Amino acid sequence: MLDPKNVVVAGLVLIGWRTGGPTGLAWALLAVVFAGVVPGVVIRLGIARGSWHDPHVRTRQARLVVIPLVMVSVGGCIVLFALLGAPPILVGALIAMMTVLVPLFLVTLAWKVSVHAAVGSSAVTAFMALLSPWWVLGFAAVAAVGWSRVALREHTVAQTIVGALIGVVSTAAAILLLGQQ
């Protein structure tokens, strides 16, 4: 349920609807194609070709293929949205996504970091800034996801903490920089 792709899809839909009503929702659904559907298809194709064995893309080597492909898809959506005049809030959400993907990729060059924790903490940070400070309570869910990743032996405590920090810091920086314009 709190799979990174699901969090991205729900987050875009929520932000689109809450900030732009039906029009914002339509733009958000287009963003979902680039930020949720395309990455999902990339992952499924990798499984079908035997490049990796499950949707969580557990190995660093496989993540070094998947993350750049996701970056290309999200980057393409940013360019398309800028050209088509999409709502700035959604363009900003996509830029914030990219600011999380870049450090995730860089850390993944040397270490396996928790994408679950990064995406969850990024979403909570964005919701706090864009929707309501009450979303701070969402960090309890991020902690639970981090704990589950450790309990499942998918990550160490350090990998989940670093992932969560990447999500918070990158998203907050993007929001602050975009708010200055």
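The dialogue below goes through helices, packing, an aromatic pair, backbone angles and the record.

Me: What kind of model is this, and how are residues numbered?

Reply: This is a predicted model: local features need pLDDT of at least 70, side-chain atom pairs count only at pLDDT 80 or more, and totals for chains, interfaces and linings use all residues. Residues are numbered from 1 along each chain as its sequence is written, and side-chain values use heavy atoms, with hydrogens and water left out.

Me: Which residues of α3 are buried?

Reply: Buried means under 20% relative accessible area, exposed over 50%, and partly exposed in between (1.4 Å probe, protein chains only). In α3 the buried residues include L90, V91, G92, A93 and L94. M97, M98, L101, L104 and T108 are also among them. The buried residues of α3 pack against α1 (4–49), α2 (60–84), α4 (115–130) and α6 (157–179).

Me: How many residues of α4 are buried?

Reply: Twelve of the 16 are buried, so α4 is largely enclosed by the rest of the structure. Among them are H116, G120, V124 and F127. The cover includes α1, α3, α5 and α6. The span of α4 also agrees with expectation: 22 Å for its 16 residues, and 22 Å between its end C-alpha atoms.

Me: At what angle do α4 and α5 pack?

Reply: Axes are lines fitted to C-alpha atoms, for helices over the stretch in contact, and angles run from 0 to 180 degrees between N-to-C directions. Under 35 degrees counts as roughly parallel, over 145 as roughly antiparallel, 65 to 115 as roughly perpendicular, and the rest as oblique. Helix α5 is residues 139–151. The angle between α4 and α5 is about 180 degrees, with the axes 9 Å apart. The two helices are therefore roughly antiparallel. Contact means heavy atoms within 4.5 Å. On the α4 side H116, A117, G120, S121, V124, T125 and M128 make the contact, and on the α5 side F139, V142, V145 and R149.

Me: How is a pair of aromatic rings described?

Reply: By the distance of the centres and the angle of the planes. Rings of Phe, Tyr and Trp (its six-membered ring) pair if their centres lie within 6.5 Å; planes under 30 degrees apart are stacked, over 60 edge-to-face, and the rest tilted. The structure holds two such pairs. One of them joins W27 and F81, edge-to-face, at 5.1 Å centre to centre with 75 degrees between the planes. This pair links distant parts of the chain: W27 is in α1 and F81 in α2, 54 residues apart. W27 is buried, at 19% relative accessible area. F81 is buried too, at 0%.

Me: Where is V57, and is it buried or exposed?

Reply: V57 is in the loop between α1 and α2. Its phi is near 45 degrees, a positive value in a residue other than glycine. V57 counts as buried, at 4% relative accessibility. R153 also has a positive phi, near 65 degrees. R153 lies in the loop between α5 and α6 and counts as exposed, at 77%.

Me: Which residues does UniProt list for "transmembrane region"?

Reply: The unreviewed UniProt entry lists 24–43, 64–83, 89–111, 123–145 and 157–178. Such annotations may be inferred rather than shown by experiment. Residues 64–83 are 100% helix and 0% strand in the model, with end C-alpha atoms 29 Å apart. Residues 123–145 are 65% helix and 0% strand, and their end C-alpha atoms lie 13 Å apart.

Methods:
Helices (H or I, at least four residues) and strands (E, at least two) are DSSP runs, numbered from the N terminus. The expected span of a helix is 1.5 Å times one less than its number of residues.
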